[in-house]
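Open the model in your viewer and keep the selection tool ready.

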Amino acid sequence: SPADFGHSKHVGLKMDEALLTVINELETKILVFWRSERCYQVSSNLPVYPALLDCPASQNFSVSTQHEITLQLNSAPEAQEICKVQFHFGEHGNYSLWMKNLNNVSLTNCSLVTNSEPVNSNMPILVAFFVFVGLALIFAVGCRVLSLVFGVVRGFVLRISGTMETERLINSELGSPRTDGLVTDNILPSPANANRRLRSLDTFRGISLVIMVFVNYGGGRYWFFRHSSWNGLTVADLVFPWFVFIMGTSIALSINSMLRGGASRSSLLKKVIWRSAQLFLIGVFIINPNYCLGPLSIDNLRIPGVLQRLAWSYLVVASLDLLVARGHLDILTTDAWWSPGLDIILYWPAWVCVLLMEIVWLCLTFLLPVPDCPTGYLGPGGIGDMGLHTNCTGGAAGYIDRRLLGEQHIYQSPSSKVIYATKMPFDPEGVLGSINSVLMAFLGLQAGKILLHYRDVPTSVISRFLIWGLLLGAVSAVLTECSTDKGFIPVNKNLWSLSYVTTLACFAFVLLVLIYYTIDVKKWWSGAPFYYPGMNSILVYVGHEVFEDYFPFRWHMANSQSHAEHLIQNILATSLWVVISYILYRKRIFWKI
């Protein structure tokens, strides 16, 4: 349980905590238990840090305010339940829970009283949201006004001069309007046709990256900007799969462009292998920062990580696409009966390979015997599942990582520790989940194929994106039974479960529709400011990891228990990377591997 019980007269409250005073006026000692609503299949009678109250007596506790919790009070000798209270406490609120006998001694009354109202811990993030929306509106209106003023002045000058020479001079000084032809992909080489680059893809990548940086810096210490403890989704769980998805889309466009430019498949395959190796090595370097404290210990070197998973997904999906990609799509007929499925049928060998990989994931996940654990176990272990499978965290996924990589080479502090008190190391970027990251990238590749085959018909692109979103959403609904914990395969970021991929891919297709329509079809939005970090994604990601603990990205705070101060620090750090990416964009500086 995330509740932190204290045993002093005065309890110093931290972030996401409230003060609860339990007052026992019964003629028996009382045991107090608690359970978070996020705990699944955890017995409320499980003695996790129980508090014993004498009779009569009162005692102060600090309780978590992140989620609703259930308080259960049992009589000490008989361990019989006296009362149970469900309540969502507010941050820094002051509450009292009274236990007393009514006129009839056999009846016990438990009443919860609010002594002082909690603070609104979400106010800082609401203020930040409206500030950024206001700045965006001011910027948009300002640009529009300047554009109108420039147009009026230019027209006036041209009417007075009546010569083309004046227009030439104005253009030479101020720059004539043009379509930005700058192309860089960060992972794959630039496509041959620069002018056809879709700004929506870089904007999508930039949105994912900016949220990822903000989350990694702390997200204001709000629980919804932290990864889910086990099953379920938070904002933090969205961005990495979206980054993998848009990488797959870029692969389709880049490989097609290079094949059209005359590059051979063998030379491209060599570049794919080399870039994958670079990504993997950079990933190992930035997640093992002990070099600042002395020589690295090979015995404790963590192997999996975000960039390592990107490298693997890129290697597999780009290699598959090189086997089946067509360099000249213009000669393909669209009159055949199968033309509506052109973007799938032409690449059926790659689809077969990915489906076979998914079958391997299903078989290993649900059929591989794991010592001392149920076959097909998908739970967190620890105190989950009534404490019956303490050392089974992640089931087959955790077992494979421990056997192949070793316990010391995987992540030692998984998010499941927060609620389920797990003791086993578990890596959310482990070996088995990498199969499903390939599926995520391949679904992004499918979005790229749609853009290639129907690039001149935006309505066809949008309709196909929406159909894919609907189909993947339906698959997720079946797999999860529209619940967090009770489906066949719950949505789980730690495991990168199949339903996690289908759900996030559904969201990605729908979000890509909105961005594609507003930026590339209607041109209502340029994609700024997300477009700029999206054009330099590897540099921003590596930079924010390496310089995370350096000023001006982090500084000593006056009050480390304030959401507002954490939020200001994290927003400023994230915004600084956006500014850096903009400056690099203007200087035409890009880091490509």
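Which cysteine does a disulfide join to Cys373? Select Cys392: a disulfide joins Cys373 to this residue, with S to S 2.0 Å. A disulfide here is a pair of cysteine sulfur atoms within 2.5 Å.

Before moving on, note that this is a predicted model, where local features need pLDDT of at least 70, side-chain atom pairs count only at pLDDT 80 or more, and totals for chains, interfaces and linings use all residues. Residues are numbered from 1 along each chain as its sequence is written, and side-chain values use heavy atoms, with hydrogens and water left out.

**Stop 1: the disulfides**

Stay on Cys373 and Cys392. The angle about their S-S bond is -95°, a left-handed link. Both cysteines lie in the loop between α8 (348-367) and α9 (396-404), so the bond ties together parts that are 19 residues apart in sequence. Helices are DSSP runs of H or I with at least four residues, strands are runs of E with at least two, and both are numbered from the N terminus. Cys373 and Cys392 are both buried. Buried means under 20% relative accessible area, exposed over 50%, and partly exposed in between (1.4 Å probe, protein chains only).

Now select Cys83 and Cys110. A disulfide joins them, S to S 2.1 Å. This link is left-handed too, with -90° about the S-S bond. Cys83 sits in strand β6 (residues 81-87) and Cys110 in strand β8 (residues 108-116), 27 residues apart. Cys83 is buried at 11%, whereas Cys110 is partly exposed at 21%.

The whole structure holds two disulfides. Their pattern is 1-2, 3-4, counting bonded cysteines along the chain.

**Stop 2: the salt bridges**

A salt bridge is a side-chain nitrogen of Lys or Arg within 4 Å of a carboxyl oxygen of Asp or Glu. The count is seven.

Select Arg205 and Asp202. Their closest N and O atoms are 2.7 Å apart in a salt bridge. Both belong to helix α3 (residues 199-216), three residues apart, or about one helical turn. Arg205 is buried at 4% relative accessibility. Asp202 is buried at 2%.

Next, pick Arg302 and Asp427. This salt bridge has its closest N and O atoms 2.9 Å apart. It links distant parts of the chain, 125 residues apart: Arg302 is in the loop between α5 (265-286) and α6 (306-324), and Asp427 in the loop between α10 (417-420) and α11 (433-453). Arg302 is buried at 15%, and Asp427 at 1%.

Finish at Glu548 and Arg554, whose side chains meet in a salt bridge of 3.3 Å, N to O.
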